[in-house]
Amino acid sequence: MSQTTIIPHSQEPLVTRNYPPPDELDARIAAAKDAQTKWKAIPLSERISIGRRFIDEFNKFSDEIPLELSLQMGRPITQNGGEVRGMISRAEFMLDIATAALAEVELKETDKPGFRRFIRREPLGVVLVIAPWNYPYLTMINSVLPAIVAGNAVLLKPSPQTPLAAERLAQAFTNAGLPKDVLQVLHLSPELTELAVKSKKVSFVSFTGSVAGGQAVERAAAATGAFKGVGLELGGKDPAYVREDADLDYTVPELVEGAFYNSGQSCCAIERIYVHERLYDAFVSKYVPLVKNFKLGDPTDKAVDLGPVVSLASAKRIRKQIADAVAAGAKPLVDEQLFPIAKDGTAYVAPQVLVEVDHTMEVMMEESFGPVIGIMKVSGDEEALKLMNDSPYGLTASVWTNAAANKESEAAFERLASELEAGTVFLNRCDFLDPALAWTGVKNSGRGISLSKYGYDQLTRAKSIHMKIKTS
């Protein structure tokens, strides 16, 4: 059996990869376990050095990756260098903090005479990383690099849409001197993926993807009866709230970018906007023309700034969500005729702005993962907070207010931040991961942590060492 990657904009095949038979999969998992036993004995300083050489080797591919990404998942070629730079930035940060994050925690200040106690961070073993297609390098590096640096072996299962990204990543590690089988790329069917999750040789599964996918991973992990660790970075329906004193000249372009970059295919994209009633009309009048200015087309064309969505199925689902909202009373503000390439039967979806929406509509409650945004009018902070939290998801939320000019606005933001049900709360920015901060979610956005020093905690276990040195 095999998988074939379909180019989103042309619907032509790009590459095909064969699946291993189950016995070969078992053998590769066993090889990872054997390799990890040796790898964890390598001093941390050497593991970090290989990580830094990995960055050097990966940079050698930087001219080839942008076109590969456009062909695999449809993002405009001019935007793909940003993912390369972002991945490198995250890798550098995680390497910079590795020594401190993985250091033994000494308890000398409270040790009694003749005793020594400390807590050590130890690798988990074999970590299975199941990565998505929308930002393949950024999502892979979040788990793959810290897992390897911490002394684990990694089995990397990429999306069938972006197999080349995983292969590039693995090749850079190999070129950097990573020992054989410490990192292996596995192209797997759903059935083989389930077998890998259930393997007793796999200690932890890091999954990024849909809620349904996360639920399937958790069920499979639980079925082993071994209390296998699982990290789940799932969907989002991330809200933005524009307060009465927001600077619209700054805020509007930021929220257009936050909603429509990568055709809205980001777990932390802005998917719903709540605007104070006194700014609502001005906000919408500034927002819509910017959306109309997008150039939708072939992502390999450098003049294009909005590409197709990833698949025909995704395009069909997004169009239906928009149509259902309109049928329920929503008002579309962008004429689809402005984007003639966006036809049924293609992966091109015209960007859309919907007003007169409410929370009975799927477009305001369920993940769109596409180029559409709903905008609602609110009376103030209390109503905005209620609506922002009225969601099954909780990945990020953002508040837009003039904190620089108004101390009261900064205080209002802090009050909102304490009440918002989200893993990350932004002030005057959105759709951004800072590697120094824990990347996490609540509710159906999953559980677990990547990035920051806490990302290393997820990929290691604490071992307590209690020594009574003097016995008389």
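This is a predicted model: local features need pLDDT of at least 70, side-chain atom pairs count only at pLDDT 80 or more; totals for chains, interfaces and linings use all residues.
Two residues are in contact when heavy atoms of theirs lie within 4.5 Å.

**A loop glycine**

Leaving aside neighbours within four places in sequence, Gly-370 is in contact with Ala-259, Ser-263, Gly-264 and Ile-318. Gly-370 sits in the loop between helix 13 (362-365) and strand 14 (372-378). Is this glycine buried or exposed? Buried means under 20% relative accessible area. Gly-370 has 4% relative accessibility, so Gly-370 counts as buried. Gly-370 and Ser-266 are 104 residues apart in sequence, yet their C-alpha atoms are 8.5 Å apart in space.

**Thr-5 and Pro-160**

Thr-5 belongs to strand 1 (residues 2-6). Its relative accessibility is 1%, and Thr-5 therefore counts as buried. Not counting residues up to four places away in sequence, Thr-5 touches Glu-12, Pro-13, Leu-14, Val-15, Gln-72, Pro-160, Gln-161 and Pro-163.

One of these, Pro-160, lies in the loop between strand 6 (153-157) and helix 7 (163-175). Pro-160 is partly exposed, with a relative accessible area of 32%. Apart from neighbours within four places in sequence, Pro-160 is in contact with Gln-3 and Thr-5. The C-alpha atoms of Pro-160 and Trp-133 are separated by 7.9 Å, although these residues are 27 residues apart along the chain.

**Helix 3**

Helix 3 (residues 65-73) is mostly covered, as seven of its nine residues are buried. Just after helix 3, Gly-74 takes a positive phi of about 95 degrees.

**Helix 15**

Helix 15 (residues 407-419) has 13 residues. From its first C-alpha to its last, helix 15 reaches 19 Å, close to the 18 Å expected at 1.5 Å a residue. Which residues of helix 15 are buried? They are Ser-409, Ala-412, Phe-413 and Leu-416. Seen down the axis of helix 15, the buried residues fall within an arc of 105 degrees, so they line one face of the helix.

The buried residues of helix 15 pack against strand 10 (238-242), helix 14 (381-389), strand 16 (396-400) and strand 17 (424-427). On the other side of helix 15, Lys-407 and Ser-418 are exposed.

**Cavities and a pocket**

Rolling a probe the size of a water molecule over the atoms shows where empty space is left. The count comes to three cavities of 30 Å³ or more.

| Space | Volume | Lining residues | Classes in the lining |
|---|---|---|---|
| Largest cavity | about 150 Å³ | 18 residues | four nonpolar, 12 polar, two charged |
| Second largest cavity | about 70 Å³ | 15 residues | seven nonpolar, four polar, four charged |
| Second largest pocket | about 350 Å³ | 19 residues | eight nonpolar, three polar, eight charged |

In the largest cavity, the lining residues nearest the centre are Ser-143, Ser-206, Thr-208, Glu-233 and Ser-450. Helix 6 (136-149), strand 8 (204-208) and strand 9 (229-233) each supply at least two residues of this lining.

For the second largest cavity, with its volume of about 70 Å³, the residues closest to the centre are Pro-239, Tyr-393, Gly-394, Thr-396 and Glu-421. Strand 10, helix 14, strand 15 (393-394) and strand 16 each supply at least two residues of the lining of the second largest cavity. Among these elements, strand 10, helix 14 and strand 16 also pack against the buried residues of helix 15.

Which residues lie nearest the centre of the second largest pocket? They are Lys-40, Arg-121, Glu-122, Pro-123 and Ala-150. The elements that give two or more residues to the lining of this pocket are helix 1 (22-39), helix 2 (44-59) and strand 4 (115-123). Strand 4 provides the largest share, four residues.

Conventions:
Residues are numbered from 1 along each chain as its sequence is written. Side-chain values use heavy atoms; hydrogens and water are left out. On a 1 Å grid over the protein atoms alone, a cavity is a set of points where a 1.4 Å probe fits but cannot get out, and a pocket is an open set with protein on both sides within 12 Å along at least five of seven lines; lining residues have an atom within 4 Å of a point. Grid points are joined across faces, edges and corners, and a volume is the space filled by probe spheres set on the points. Ala, Val, Leu, Ile, Met, Phe, Trp, Tyr, Cys and Pro count as nonpolar, Asp, Glu, Lys and Arg as charged, and the others, Gly among them, as polar. The expected span of a helix is 1.5 Å times one less than its number of residues. Buried means under 20% relative accessible area, exposed over 50%, partly exposed in between (1.4 Å probe, protein chains only). The arc is that of the directions from the helix axis to the C-beta atoms.
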